[in-house]
Amino acid sequence: MEDQELLEVMKLRIIRSFKWHDDIIVPLSNELNILSEEFEKILMDKLDMSDLESLHSTHESAETDRLLKQLHLDLRLYWFEDVLKIISSKSSNSLKLDLLKKIQNGQKYDEVLKEGRNKLVSILKTD
């Protein structure tokens, strides 16, 4: 077996041997409407061994960032904080982090968002 073939086999083993195959490969390939094998090939072509091995932790930190940005958008903090400047970034960040913890602890996003809106009204009245 040539070095390149061996590398491909090792990369594929990494991709298919970790829990994140179910967390990353399958959902993203479904979203992109491609076969998981096709998405695996893309990742194997674009990432080195080290990148593949750290893919799950990278995914988890990206998911945290995504949730914070989604909360920022859904609570319209871009309007209240960034445009109108009637809420401080400290209050905004505190609110988002509090809500993020609840989501990460299993509370449903819609419930947390509703709670966040109620808290935002309080902050708007006091900030």
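Author: A salt bridge is a side-chain nitrogen of Lys or Arg within 4 Å of a carboxyl oxygen of Asp or Glu. The model is predicted, so local features need pLDDT of at least 70 and side-chain atom pairs pLDDT 80 or more, while totals for chains, interfaces and linings use all residues. Residues are numbered from 1 along each chain as its sequence is written, and side-chain values use heavy atoms, without hydrogens and water.

Reader: Which helices hold Lys119 and Asp98?

Author: Lys119 forms a salt bridge with Asp98, the closest N and O atoms being 2.5 Å apart. This pair, 21 residues apart, links distant parts of the chain. Helices here are DSSP runs (H or I, at least four residues) numbered from the N terminus. Lys119 is in helix 8, and Asp98 is in helix 7.

Reader: Is Lys119 buried or exposed, or in between?

Author: Buried means under 20% relative accessible area, exposed over 50%, and partly exposed in between (1.4 Å probe, protein chains only). The relative accessible area of Lys119 is 30%. Lys119 is therefore partly exposed.

Reader: Which residues are linked in a network of salt bridges?

Author: The structure holds 5 salt bridges. Some are joined in a network, whose members are Asp98, Lys102, Glu115 and Lys119.

Reader: What separates Lys41 and Asp45 in helix 3?

Author: Their side chains meet in a salt bridge, 3.0 Å from N to O. Lys41 is partly exposed at 43% relative accessibility, and so is Asp45 at 46%. Because the two are 4 residues apart in helix 3, the separation is about one helical turn.

Reader: What covers the buried residues of helix 5?

Author: The buried residues of helix 5 are Leu55, His56, Leu67, Leu68, Leu71 and His72. Their cover is counted by contact, that is, heavy atoms within 4.5 Å. It includes helix 2 (20-31), helix 3, helix 4 (49-53), helix 6, helix 7 and helix 8.

Reader: What phi does Arg76 have?

Author: Most residues other than glycine have a negative phi. Arg76 lies in the loop between helix 5 and helix 6 and is partly exposed, with a relative accessible area of 49%. Although Arg76 is not a glycine, its phi is positive, about 55°.

Reader: How much accessible area do the residues of the nonpolar patch have together?

Author: Such a patch joins nonpolar side chains (Val, Leu, Ile, Met, Phe, Trp, Tyr) within 5 Å, from residues with over 30% relative accessible area and no salt bridge. The patch is formed by Leu73, Tyr78, Trp79, Val83, Leu84 and Ile86, and its largest share, 3 residues, comes from helix 6. By the Shrake-Rupley method with a 1.4 Å probe, their accessible area together is about 540 Å².

Note on methods:
Patch = residues over 30% accessible without salt bridge, like charges linked within 9 Å, V, L, I, M, F, W, Y side chains within 5 Å.
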